[in-house]
Amino acid sequence: MTSYGTKIKAVLLCGAMAFSGATAVHAEMEEQEVADLLHLVMSSDRTVYTRMIVNRLAVKEKVITASEHFEDEKALVLPAQMFRFGAEMVAEETDAFSYSLLSLWPINKQNAPATDLEKEGLQYLVDNPGENFYGEEELGGQNYFTAFYADVAVAEACTSCHNDHKDSPKTDFEGGDVMGGVVIRIPVE
Amino acid sequence: MSRNALLWMLWSLLTFVGAGAVFAALYIGGDRTVLLPGQTAGAHHQLEIACETCHTSDPFDSQAAIKKDINKTCTTCHKDELKEADDSHPKKKFTNPRMASYWEKIDGRFCTSCHSEHQPEITLPMMVTLQGDYCVACHSEGDQDIRKDRESHANLTFDTCASSGCHNYHDNRALYEDFLVKHAGAPWLMDEPVVAAAALPQLPRASSTEEIETYLASLDAPVQDDEIAHDWAGTAHAAADVTCTSCHAPEEQAWNDHPEEGICSDCHKPAAKSFSLGRHGMRQHSKISKPRDAGKQLKSLGWKDAPEGLVTALNAYLNDPAPPPMMSTDEALVDLSDDAHGQGMTCTSCHSPHKEEPQQTAVTACLSCHNDDHSQSYEESPHFALWQAETTGNALAGTGVTCATCHMPQSEKKGFAVTNHNQNDNLRPNEKMIRSVCLDCHGLGFAIDALADPALIANNFKGQPSRHIESIDWATSRVEPSDQGANQ
């Protein structure tokens, strides 16, 4: 999903940035490449959990449910929680990068875009399926390289849960739709 | 030399000596009580002269480092309870840089943003040092505006979020929306109300006089005191072969008439640990700082090879006062009876060493000190009547409700009941008590209403709540059909 878009953007970026200084290009490419690779791991794990655990057991075989209150309900962790718990564990270990799962139509309002770049990036993902979005922003006095990757409905569990949830702002998701985005931030000078 | 010059010299000398004394007390050793910037809050007065319990930074560290270090020490003692509470606003929720705009409102990365110490004039219950409407900072704008997100909340003011029995900042285990929906419609009292853990089987022990006499006669060791031996023979200690010498002369040591608490905690480790987390026993918490060592202090100030004589002298003359080893009723900040003063808090304050007396440990010991309305109303309460019925054999085990039932709740571990000896664990906010205690016998709606009624709490739940908290009504009104969870 990222290979062609990433490579084309990288070539264009290299060409454009060649006039402004090789060091900057090198630095920016490093961050983008790191973000792309991190996302590859994240999205693969997320897809595997959603398809092979939640969708298989909760939707197809119906042997267990998935619930936000998984401890009380003796249920599976929701895919979005699985992703967030990982992000929080990473944040406890390092501040070299951070990531989150956001959407223009979040069930949990905390996952709505909070910065101008988040609004722009998430909208770009929806308007340009198959493409990533990269930018820079200053948050809390620190500059960040911020990368946005589309989060796509990979299983029935994604669409059925979001479409049926009473707090969901959008209830007509279909398989393959962009439902939100993974946002990765890397602090830069 | 003129008089003025002498006065200047004297002034300079006194200033130098005074500043030196303050500097030495702050950075090397000595009593710093007079330097306390303001009274500490809650139970922290028990450790306030052990400054390094919270102030762990090196001298002259940056403000940012000091803030970070102080906040680390909060979780030294409170980490487990926050984890147990399934904290709704954990630090990890705020560390992502996308939360930067919230840091400017209330910085949720730091405990001290809401709980600032040494400020008694602005300190609210539960050591909150923000205005009571602090939720407004993050839940009143844009996508987070709860008044737009919930029709039922449209006209609410933010000072009621955490004070009405609906929400807490940290612990919402009994208040989250799906839980409300799940427990909606439960009766105020269950059909067969029993505190499950209290009804668990106990270790078998000799109970009848005949059994006890037979057991005592079978012992090799001579009985030194008939009354004590008789009491002991009916205890779990006897059943577990914990004999006189186990406590009074362990490991072939000389006989000690009055064993120290360590003897108890050697075997009862979980009880000792939870005891050290509550106000009764927190003086025994392992993380309360020890008196400073002058040599280490000089080293942290940059003097690595201070003469040994100087270090010895400083340790001798500038020794930190340590907090007493146990809490005394004289230091208590709650309402105690006149007869209760001058008592230390040890295991034997509540537990008779040779005899099991549930009435003493679970009721009498508490009421011998605590003199507030709630405590003094207990013996007039329905809960006490149930306890009387149980102890007189007129009701099943676990049906009685004592002080300890609610304030030192038991839980099941390996088939037996384990008692939480931190009597503050579920006390504040009082909704923490709902799942650990109330729901054993009562419905959620009744429990929420009862705990939100100060008058009912004061008379120890003699009657029905005069208030109704609408949280369950509002939660169920958002669910169609009725069996669907709110946030599944």
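Of the 488 residues in chain B, 22% count as buried, where buried takes 20 or more other C-beta atoms within 10 Å of a residue's own C-beta, with those atoms placed from the backbone. You're looking at a predicted model, where local features need pLDDT of at least 70, side-chain atom pairs count only at pLDDT 80 or more, and totals for chains, interfaces and linings use all residues. Residues are numbered from 1 along each chain as its sequence is written, while chains are lettered from A and ligands numbered from 1 in the order in which they are written.

**Chain B**
- Chain B has 22 helices and two strands, taken as DSSP runs numbered from the N terminus (helices: H or I, at least four residues; strands: E, at least two).
- Its C-alpha trace spans about 95 × 75 × 40 Å along the principal axes.

**Cores**
- The largest nonpolar core has 31 residues, and A:Phe148 and A:Val183 are among those with the most contacts inside it.
- A nonpolar core here is a set of buried Ala, Val, Leu, Ile, Met, Phe, Trp, Tyr and Cys residues joined through C-beta atoms within 7 Å.
- Strand 3 of chain A gives this core its largest share, six residues.
- Apart from that core lies another, of 20 residues, including B:Leu175 and B:Leu451.

**Confidence**
- The model scores ipTM 0.87 and pTM 0.91.
- Chain B has a mean pLDDT of 94, with 98% of its residues at 70 or more; pLDDT is the predictor's confidence in each residue, from 0 to 100.
- Over residues 482-488 of chain B, though, the pLDDT is below 50.

Technical notes
A residue is buried if 20 or more other C-beta atoms lie within 10 Å of its own, exposed if 12 or fewer, and partly exposed in between; C-beta atoms are placed from the backbone. Two residues are in contact if their C-beta atoms, placed from the backbone, lie within 7 Å.
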